[in-house]
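Thanks for making time this morning. I would like to walk you through one model, so please have the sequence and the structure open while I talk.

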Amino acid sequence: MQTPPSPPVPPSPGTRSGGPSLRIGALAPLTRPGWAEAGRHLLAGLELAVHEVNDTGGIAGTPLELVVRDTAADPRKAEAAVDELARLGVAALAGEYHSVVARAVAARADALGVPFLCSSAVLDTLTDRPTRWVARLAPVQSRGWRIYADFLLDAGHRRIAVAADPSVYWASGTAVLREHLAPHGGSVAELDMRALTPADVCDALVRHRATALLLLVGHPEPAVSIVRAVRADGRLSGTLVGAPAGQPELADWAAQSGDDGAAVPFLRYLPERLNTLGARVGTVLRERLGQPPSFVAFEGYDAITVLADVLRTEGDDRERIAAAWPGVDVEGTRGRIRFSRVPDIGVWQWAWAPVQVAERDRDDPDRFRVLRSG
């Protein structure tokens, strides 16, 4: 049985309806069980960039139009959305946050011959085979998680535990950590959260003599309950709690976990200092979102920046758009964006997207401290 297409999302400030336009399909998790706040930030970045393109004349006088579909972190729903957007005649697809969903989108886009610019998903194996149809802005998981592993080593952590739900993404991240830590005498103990309570996790940390626990689980639950249990357990004082997938970046983490959610190191994809474009865009996004924009919002803005640049020279011809990936050379909010073929990666990849390990400051949870850059 096929998942029915998502109902249309009502137009919002970066979308347009009626009249001739160049259409871009926008995919984002806007409802549960997807991480809806990440989807909201992603969509805010996409919409702002479309709005600014249209304010400056569109694409040779033709406005851009976002056709938004909610993936809700469901690969089958995302595949159905790709089919629908292809029938609607979009020139390209952009977005998606969840790696497993982006993988489904990439496979379907490749099969249908629709260009897909993946903004935020990091899973190395985004496609099973090399494809000319897909490009990606986010750094690959193996690069980011190796940087995170180096942070753990430099902080003196060799015995690591991961509280993990079953997922290709989590399994891939665990493998990266284990492979990178092993030559340095590090070890990774896996705690299967299908069978454990937060109290069980605390007991397992004591048993394994782990000095760091990484949360490879859903947010807000069970992540928030695990953090609170570890913080409250006197046996585990000094235990580092980390969330490499980036949950603490967004405001709902702080709202859900309170003071317990501070000092939880995570990965995010921002430079030490935003360039002029990034600073301006950040100010506008803050006003639109009512909170500081996450790296996901900047990824959304950059995705439209790239596609607009390509559309100006190639029009809405899908073949020409896909052929243009290697020639992209455009200033984004987080640096100069160029795509290349990276070994063992099957898509066109922005190879040098910035990576940070950061945390919310214990004394001021609204402030972020950068612990490592790469």
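Predicted model: local features only at pLDDT ≥ 70, side-chain atom pairs only at ≥ 80, totals over all residues.

Among the elements, strand β4, residues 116-118, has the highest mean at 99, while helix α8, residues 251-257, has the lowest at 92. Please be careful with residues 1-18, however, where pLDDT stays under 50, although the model has 33 contacts beyond four places in sequence for that stretch.

Now back to the sheet we started in. Strand β15, residues 356-360, pairs with β16 in the antiparallel sense over five bridges, and both belong to an open sheet of three strands, ordered β10-β15-β16, with antiparallel pairing. The edges are formed by β10, 266-268, and β16, 368-373, each of which pairs on one side only, and from one strand to the next the twist averages 40 degrees. Helix α4 lies across β10, β15 and β16, and runs at about 100 degrees to β16.

The other sheet I want to show is also open, with four strands in the order β7-β6-β8-β9 and parallel pairing. Because β7 (187-192) and β9 (240-242) each have a single partner strand, one side of each is left without a neighbour in the sheet. Here the twist averages 20 degrees from one strand to the next. Within this sheet, strand β6, residues 159-164, and strand β8, residues 212-216, pair in the parallel sense over five bridges, with alanine 161 having leucine 213 in β8 as its bridge partner. Two helices deserve mention: α5 lies across β6, β7 and β8 at about 155 degrees to β7, and α7, residues 223-232, lies across β6, β8 and β9 at about 165 degrees to β8.

Finally, how do α4 and α5 pack, and at what angle? Helix α4, residues 141-154, and helix α5, residues 168-181, pack at an angle of about 50 degrees with their axes 9 Å apart, which means that α4 is oblique to α5. Their crossing is right-handed. Residues meeting there include Trp145 and Leu153 from α4, and Trp170 and Leu177 from α5; by class, the contact has eight nonpolar, six polar and two charged residues.

Definitions and conventions: Residues numbered from 1 in each chain as written. Heavy atoms only, no water. pLDDT = per-residue confidence, 0-100. Contact = heavy atoms within 4.5 Å. Axes fitted to C-alpha atoms, helices over the stretch in contact; angles between N-to-C directions. Parallel < 35°, antiparallel > 145°, perpendicular 65-115°, else oblique. Left-handed = near helix turned anticlockwise from the far one by under 90°. Nonpolar A, V, L, I, M, F, W, Y, C, P; charged D, E, K, R; others polar. Pairing = 2+ DSSP bridges.
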